[in-house]
Amino acid sequence: MTGFLIKRGLQALFVILAVTLLVAFAVRLTGDPALMLSQGAGSVTEADLANIRQALGLNRPFYVQYLTYMQGVFTGDFGASFMGGTSVGRLIGDALPATLMLAFSSLILSILISVPLGIRAAVKKGTGTDQGIRILSLVGLSFPNFWLALMLVLLLAIVFPIFPPSGWDGPMSLVLPSLTMAIILSATTVRLVRTTMLETLSAQYIMVARSKGLRERVVLYKHALRNCAIPLITYLGLQFGNLIGGIVVIEKVFNWPGMGTLAFDAIGGRDYPVLQGSVTVLALVIVIVNLVVDIAYGIVDPRIRTK
Amino acid sequence: MTTTVSPATKVVSRRRNYGSLEFILGASLSGIVILAVLLSGFLFPDGGESMDLGARLIAPFQSWDHIFGTDPLGRDVLARVVVGGKISLTVGFVSVIAGAILGTIMGLVSGYYRGFWDMIVMRFADVQLALPFILVAITFISILGGGLTNVIFFMVISQWVQYARLIRGQVLALREREFIQAARAFGVRDLAMIRHHVLPNVIGPLIILMTLNVANNILLESSLTFLGLGVDPMIPSWGGMLADGRTYLQDAWWVSVVPGLAIMLTVLGLNLLGDWLRDRLDPTGKV
């Protein structure tokens, strides 16, 4: 187990290193931030530019800048925004909970959608119900998340004004964005539940449970579902990166005050410290979630560790 | 004599019927879209650009000239959807073919020779898993600018790993098989071995992954363009039309609904084909 933990930890560390290097490198591709910052400031002398570089630490070699940046990542200090000088850490601190809340409510909602459908497809294998669910899952894979978001707004906020169309206005605001991501996520999860359920249902202990005379619902949702839980949680853990990527996009549709909105506003205003900080934090969150899921899986299922 | 069909055969034959239905539906959807896009220059010589400010925001099915209505500038929605398909299909096919070629070469090298290259590919795979494409795109495209070429470039950069992983896994499994060992015992050279014995055995899963990724990349391109990070907003494209339509959602639903349906039918067609191919070529579920 210790060996597995060390190996997995080193892997995560490597990924963090690569991602931060990539982001730091990308942001430096812009050319001279000092020039960009001084744009529109009227007459700018070479001395002014040098002052800005000095203040931002841009006159130091790349590796020193990168090390300072990494030090900041681990201490939560991401520098200050170009706009108004607010601390990037504080901006992220305000936006991250909104994004994570959306991510977790989407995960829970998608489990509530995909587990019953997947179990039903497995039980009715080969029938019209099974094929109907299969087609439904293919259709669910076939539209862009932001378009589904627009259609849900059109239907449930404009034609039938049940939910608020955008922004944060109490828990009701959570419904439409979570539903969007949950539908997209369920399209693939349903298939996983169906396949693992098919394997589980042919196991002997299910036969025993049935021959004991347990009700079918108890057999399915208590005995069989428990064995589907591990692959399901692993899969959802792996999908976490895609989920975050999707949320970043639909935040624009819902004007959701999260990391996506923060990053896009930063792009619009060429606010590179904010862009760098928000992409780094999102990648870190994804790495950590993947690591936790992997370790949890290793604890529950010893076969993984020896792989 | 009466023939009885056992329930098991019934299920199998129904499954097969569903399979052919899947193929017919998938092939005809993709076929219609590809044909319409190829013929778009002939069908709509104006490229969907001609404006008629007297005919702004006409609802669908009101006039024969504008079956699917017009947008806020009086441009025909159907014409723009068909012309806009060019962007989506170009991005989808070019990015996947380039990514698959690069990934296949890397996968063959890493699976066949193991060692250093193998480690590089696997570490890249870890990074790719942690950085979803949309985050890579936000970081790089916001700095280097969007446009067709950059969008395709970043798709290839972030997706070749998928193909490399698939091919690597297949090659690792093949290495142990008797016919490969026999070929090696006969003194077959590496390149000939890869061409005649390895590639034909990995082509099935590769084609499935490519089909599904064309569908996926069409979705990604539309997201990027919707966010303003993709192709030039002046060129008609599905994502761009949806970004415009969003403002008019309340008064003119069709401006957002029609391009979205175009994406959905195209991607659904490709997904159906991919699914059908998976049943045919990959019954054990490697992809």
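Author: Helices (H or I, at least four residues) and strands (E, at least two) are DSSP runs, numbered from the N terminus. Arg114(B) lies in the loop between helix H3 (77-113) and H4 of chain B. The model is predicted, so local features need pLDDT of at least 70 and side-chain atom pairs count only at pLDDT 80 or more, while totals for chains, interfaces and linings use all residues. Residues are numbered from 1 along each chain as its sequence is written, and chains are lettered from A and ligands numbered from 1 in the order in which they are written.

Reader: Why is Arg114(B) called partly exposed?

Author: A residue is buried if 20 or more other C-beta atoms, placed from the backbone, lie within 10 Å of its own, exposed if 12 or fewer, and partly exposed in between. Arg114(B) has 14 other C-beta atoms within 10 Å, and therefore counts as partly exposed.

Reader: What is the phi of Arg114(B)?

Author: The phi of Arg114(B) is near 55°, a positive value in a residue other than glycine. Most residues other than glycine have a negative phi.

Reader: Which residue of chain A has a positive phi near 45°?

Author: Asn255(A), again a residue other than glycine, has that value. Asn255(A) sits in the loop between helix H11 (240-254) and helix H12 (259-268) of chain A. Asn255(A) has 13 C-beta neighbours inside 10 Å and so counts as partly exposed.

Reader: Why are H3(B) and H4(B) called oblique?

Author: Axes are lines fitted to C-alpha atoms, for helices over the stretch in contact, and angles run from 0 to 180 degrees between N-to-C directions. Angles under 35 degrees count as roughly parallel, over 145 as roughly antiparallel, 65 to 115 as roughly perpendicular and the rest as oblique. The axes of H3(B) and H4(B) cross at roughly 130° and come within 7 Å. The two helices are therefore oblique to each other.

Reader: Is the crossing of H3(B) and H4(B) left-handed or right-handed?

Author: A crossing is left-handed if the near helix is turned anticlockwise from the far one by less than a right angle, and right-handed if clockwise. H3(B) passes H4(B) in a left-handed crossing.

Reader: Which residues of H3(B) and H4(B) meet?

Author: Two residues are in contact if their C-beta atoms, placed from the backbone, lie within 7 Å. Met106(B), Val109(B), Ser110(B) and Tyr113(B) in H3(B) meet Gly115(B), Trp117(B), Asp118(B) and Val121(B) in H4(B). By class, this contact has 5 nonpolar, 2 polar and 1 charged residues. Here Ala, Val, Leu, Ile, Met, Phe, Trp, Tyr, Cys and Pro count as nonpolar, Asp, Glu, Lys and Arg as charged, and the others, Gly among them, as polar.

Reader: What makes H1(A) and H4(A) oblique to each other?

Author: Helix H1 (residues 2-28) and helix H4 (residues 62-75) of chain A pack at an angle of about 125°, with their axes 11 Å apart. H1(A) and H4(A) are therefore oblique. Their crossing is right-handed. Thr20(A), Leu21(A), Ala24(A) and Arg28(A) in H1(A) meet Phe62(A), Tyr66(A), Tyr69(A), Met70(A) and Val73(A) in H4(A). This contact has 7 nonpolar, 1 polar and 1 charged residues.

Reader: Why does Ile16(A) count as buried?

Author: Ile16(A) has 21 C-beta neighbours inside 10 Å, and therefore counts as buried. Ile16(A) belongs to helix H1 of chain A. Ile16(A) touches Leu284(A) and Val287(A), not counting residues up to four places away in sequence. Ile16(A) and Thr280(A) are 264 residues apart in sequence and 8.7 Å apart in space, C-alpha to C-alpha.

Reader: How many residues does each chain give to the contact between chain A and chain B?

Author: Chain B gives 39 residues and chain A gives 41 residues. On the side of chain B that touches chain A there are 25 nonpolar, 8 polar and 6 charged residues.

Reader: How many helices and strands does each chain have?

Author: Chain A has 14 helices and 0 strands, and chain B has 10 helices and 0 strands. Of the 307 residues of chain A, 36% count as buried. In chain B, buried residues make up 48% of the 287 residues.
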